[in-house]
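Hi,

Here is the structure I said I'd pass on. Have a look at it first, and then read on for what turned up.

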Amino acid sequence: MTIIINPHQEIGSIDPKLHGQFIEFLGECIDEGLWVGEDSAIENEHGYRKATLDALRALKPPVIRWPGGCYADTYHWRDGIGPREHRATTFNENFATYELDDHAFGTDEFLRLCELIGAEPWININMLSGTVAEMKDWMEYCNREQPTDLARERAANGHEAPYGVKYWGIGNEVWAGGGTMTPSTYLDEYRRFASAMPSFTTDVFAPSPMYAIACGPDGNKPRERVKWTQDFFRGLAEYRQPRINGYDLHFYNWNVDNDADTPTEFDEAGWNKVIAGCLELEDILRDQWRLINDGLALINEPEVAMDTKLTHVDLIIGEWGNWHKPAFYARPALKQQVTMRDAITTALTLDLLQRNCDKVTMACNAQTINVLNSLILTEGDATILTPNYDVFMMYQQHRGAVALDVPRADADDKDVYVFASKSVDGSELLINLTNAHMSDEATVTLVLPAGARVEQMRELAAADPHDCNTVDQPDLVRAHDVDIDDHVVARASGESNSTSEITVRLSAA
Ligand code: AHR
């Protein structure tokens, strides 16, 4: 098959935040996976597991969401600040974690992590069992520059300067564990919380740097029963608008129908189901983007005399990833292995997010360590980078680049997927070629612009699609450089179940 890469077919700029991550106190994501404490025999830097921290430093996730997820709905930020010996101990029942939380990893530990790895923090507040006052104090503690009691408390806890946390989520999955709310009950709650957010400006004419994120729908649930987005925005149009900057849809690629299918044991039908499942997100996010804009049109109807018009709300995918059935009863909670099947869906998900960069602004993989679609797995003192880690590393160069519209493969080659971007200065193309077939090879001819030179190619592939990285074989599935033809037309041979990254240098215009 032949695919033409035209550097002039621009879609838009890829927001680096499409490569975000999500961490939560569930299973061993934070405790053990990220945080082991200063006294641990496991090598650590100020309590952070050193191998995890180093992997995250190399990955540089642009944004990290915390503390949940469901856990956000029972999380009281004051439990996790100040001297550790005085912190609260609570019990976490979420997803049968059944662990004590000694709150050793709290707000300061999270925000320092973000500083250490260069990520923007996204804090999801507790809307279910918390209060408006609690949210307001949390924001004050993190961001107040003036020497208020809360700012002084932050300084006493070791951080004189405000952290400048911009992203604040209001509610998590409020249609389910976050309160089983209807769109209208949620909207009423949302209005109370959003309107109590401090602005952190001292200039009445300056826009607030705060960014409020509302809870969007459960992406892949039947939408005819509850028209979440339509009803939410219709309600919003009825009365003056609270602050709302982003709308957070969650999408899990559920693989729960076949008991014989596990994260590491599957047949071709199971392979195909999971690959097809991840691709559903593309239609969902396009539908949701249309619905958001239909809702904004209602708000902006000329006959509606609103004090404030609302012309834009960002679409965000706050949680995405594969969820295989055994994760429900796994110990530690929600821990699952990551094979090439997951790596392929991770690559295809990043492709579709980037291809829709004119619609989606921020997205977080669920979750970074030891939970669901992990990049990092830990076992005792061993830290293992999964094939998903390699995929995210291979895609790093797309951050901030210009996504290109690449024609889809024809029906005969439906398992081949190509995504391409162009660097901002126009000197480089980065092309991802994924052969999502479990066992068949594909030969793909990429037609590149005149004078283009293929500089580098890396490939992530496994001898067996069930392969994964374990304590005994930590590098069984690892990306590696591939020899390339220095030709204008690159002939790339896509191994089965593989994903490749091709860097192309363009000739000067
Ligand atoms: O990522 C695991 C859980 O999945 C989160 O806590 C919740 O938001 C979602 O249902």
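On confidence: the mean pLDDT of the protein is 92, and 94% of its residues reach 70 or more (pLDDT is the predictor's confidence in each residue, from 0 to 100). This is a predicted model, so local features need pLDDT of at least 70 and side-chain atom pairs count only at pLDDT 80 or more, while totals for chains, interfaces and linings use all residues. Numbering starts from 1 along each chain as its sequence is written. The scores are ipTM 0.99 and pTM 0.95.

One stretch to treat with care is residues 486–493, where pLDDT stays under 50. The model has 24 contacts beyond four places in sequence for that stretch (two residues are in contact if their C-beta atoms, placed from the backbone, lie within 7 Å). Where pLDDT is low, the predicted coordinates should not be read in detail.

Now the overall layout. The protein is divided into domain 1 (14–399) and domain 2 (411–505), with bounds that come from an automatic or database domain assignment. Their centres, taken over C-alpha atoms, are 30 Å apart. Domain 1 puts 28 residues into the contact and domain 2 puts in 25 residues. On the domain 1 side, α7, α8 (340–355), β16 (382–385) and α9 (387–395) each supply at least two residues; helices (H or I, at least four residues) and strands (E, at least two) are DSSP runs, numbered from the N terminus. The largest share of that side, 9 residues, is from α8. By class, the side of domain 1 that touches domain 2 has 15 nonpolar, 7 polar and 6 charged residues. For those classes, Ala, Val, Leu, Ile, Met, Phe, Trp, Tyr, Cys and Pro count as nonpolar, Asp, Glu, Lys and Arg as charged, and the others, Gly among them, as polar.

The largest nonpolar core has 144 residues, and those with the most contacts inside it are Ile 5, Trp 168, Ile 170, Ala 363, Val 418, Ala 420 and Ile 431. Such a core is a set of buried Ala, Val, Leu, Ile, Met, Phe, Trp, Tyr and Cys residues joined through C-beta atoms within 7 Å. Buried means that 20 or more other C-beta atoms lie within 10 Å of a residue's own, exposed means 12 or fewer, and partly exposed is in between, with C-beta atoms placed from the backbone. Helix α7 (residues 268–299) gives this core its largest share, 10 residues, and the core draws at least three residues from each of domain 1 and domain 2. Leaving aside neighbours within four places in sequence, Ile 431 is in contact with Ile 5, Val 418, Ala 420, Leu 446, Ile 502 and Val 504.

- Ala 366 and Gln 367 are joined by a cis peptide bond, with omega about -5 degrees; Gln 367 lies in the loop between β14 (360–366) and β15 (376–379).
- Leu 372 lies in the loop between β14 and β15 and has a positive phi of about 55 degrees although it is not a glycine. Leu 372 is buried, with 29 other C-beta atoms within 10 Å.
- Glu 173, in the loop between β10 (167–170) and α5 (183–195), has a positive phi near 40 degrees. Glu 173 counts as buried because it has 23 C-beta neighbours inside 10 Å.

Trp 175 is also in the loop between β10 and α5, and counts as buried with 20 C-beta neighbours inside 10 Å.

Elsewhere, the peptide bond from Arg 331 to Pro 332 is cis, with omega near -5 degrees, and Pro 332 sits in the loop between β13 (314–324) and α8. In helix α2 (residues 107–117), the buried residues are Thr 107, Glu 109, Phe 110, Leu 111 and Leu 113. Their cover includes β5 (48–49), β6 (63–66), β9 (120–125) and α3 (132–143). Just after α2, Gly 118 takes a positive phi of about 75 degrees.

Best wishes
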